[in-house]
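Okay, thanks for coming, everyone.

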Amino acid sequence: MFTLRRIICLLLALFLYLSSLPPLTAEAADVNPYQERLALYKKMETVTNVPWYYLAAVDSYERGLRKARRDRPDAEGFISIYYAQEEWVGPLNPNKDDVDPTTISLFEGIGLDGNGDGKALLSDDEDVLYTLARYLESYGFTEEDFRIALWHFYQREQSVTIVSGHALIYKQHQRLDLHNHAFVMPLNHNYSYKSTWGDRRGWGGRRIHEGTDLFANYNVPIQSSSHGIVETIGWNPYGGWRVGIRDLDNIYHYYAHLNGFEKGIEKGTIVEAGQIIGYCGSSGYGKPGTQGKFPPHLHYGMYRDNGITEWSFDPFPSLKQWERTAKQAKKSKA
Ligand SMILES: [Zn+2]
């Protein structure tokens, strides 16, 4: 039996529980980070004439680096561009927490005041973005200028390739929310796969199996799992006809052993999640055109870039999740 006293106790407990929860932050409540970011990029474009998608490209690349690296903290605001404190205030600046744009500039720090509050703050999105925009502006506004600026910024060809790719994706789509995924095959075909990451390979010496094999019939369409840009396409002795697509989280998606590519898919093509890029086959393990050395399947690999190197991680959990989402979407449509 519920007595009044018991109900009061329950209500009190509920109240105590709720008041112990952290308050809802503005971000969780109603702020859309894509909207906030786009507004910041466009504002800096107005001030500096640097196309907003260049700023977006560096920012998304840096967001990926923060995810991949332990030596960088999570971003406090909406912008992920990272500058070391020392670089910001100037290496010889005795005040490591300097926020005065005049003394920072005197000590050859790069930190600038982007919102006119008289301070150059590493924790201020506008100051950080403005500092980057001024840097890019000093090289000019063409794609080639942008690549040169990136080369001096990162000193790594792969970083230049990834960031330039991000810029082209944003330029084409004119929006930032491009992080949804799709399963790599249409659900109405027969296919099977299990977790095979790390298995020993039969061909090509002592390499581990860096991916998941999805067995299906010849010419089952292969779909891009993400929005991205075609970074590599063509023949590879191991992978046969293969496509590599870079997404906006700096992840490289590798599709191998294809029977052929979809028309119009070339190096530099911008693809959407779910777009057909090629067809299932058994190519590979030899010189160009070799096929039939194993049953037809898609070898799917995922590689993460941390700004220094790239490594593979197990795509199986992602595949399972995208498949589940696709099945749910199909069900709710029916
Ligand atoms: Zn494989």
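Let's start with helix 4 and helix 9, which are oblique to each other. Oblique here is what remains once you take out roughly parallel (under 35 degrees), roughly antiparallel (over 145) and roughly perpendicular (65 to 115). Before I go on: this is a predicted model, so local features need pLDDT of at least 70 and side-chain atom pairs count only at pLDDT 80 or more, while totals for chains, interfaces and linings use all residues. Residues are numbered from 1 along each chain as its sequence is written.

So, the numbers. Helix 4 is residues 52–68, helix 9 is residues 157–173, and their axes come within 8 Å and cross at roughly 130°. The axes are lines fitted to C-alpha atoms over the stretch in contact, with angles from 0 to 180 degrees between N-to-C directions. Helices are DSSP runs of H or I, at least four residues, and strands are runs of E, at least two, numbered from the N terminus.

The crossing of helix 4 and helix 9 is right-handed, meaning the near helix is turned clockwise from the far one by less than a right angle. Who touches whom? On helix 4 the contact includes Tyr53, Tyr54 and Tyr61, and on helix 9 it includes Ile162, His166 and Tyr170. Contact means C-beta atoms, placed from the backbone, within 7 Å. The contact residues come out as 10 nonpolar, 2 polar and 1 charged. Nonpolar is Ala, Val, Leu, Ile, Met, Phe, Trp, Tyr, Cys and Pro; charged is Asp, Glu, Lys and Arg; the others, Gly among them, are polar.

Now helix 8, residues 143–154: its axis and that of helix 9 come within 9 Å and cross at roughly 135°. That makes helix 8 oblique to helix 9, and the crossing is right-handed. Phe146, Arg147, Leu150, Trp151 and Tyr154 of helix 8 meet Ser159, Val160, Val163, Ser164 and Ala167 of helix 9. This contact splits into 7 nonpolar, 2 polar and 1 charged.

Over to the strands, which pair if DSSP finds at least two bridges between them. Strand 2 runs antiparallel to strand 1 (residues 191–193), joined by 3 bridges, with Tyr193 opposite Leu214. Strand 2 also runs antiparallel to strand 10 (residues 297–305), through 4 bridges, and there Asp213 stands opposite His299.

Last one: an open, antiparallel sheet of 3 strands, in the order 3-9-7. Strands 3 and 7 stand at the edges with a single partner strand each, so one side of each has no neighbour in the sheet.

Conventions. Contact = placed C-beta atoms within 7 Å.
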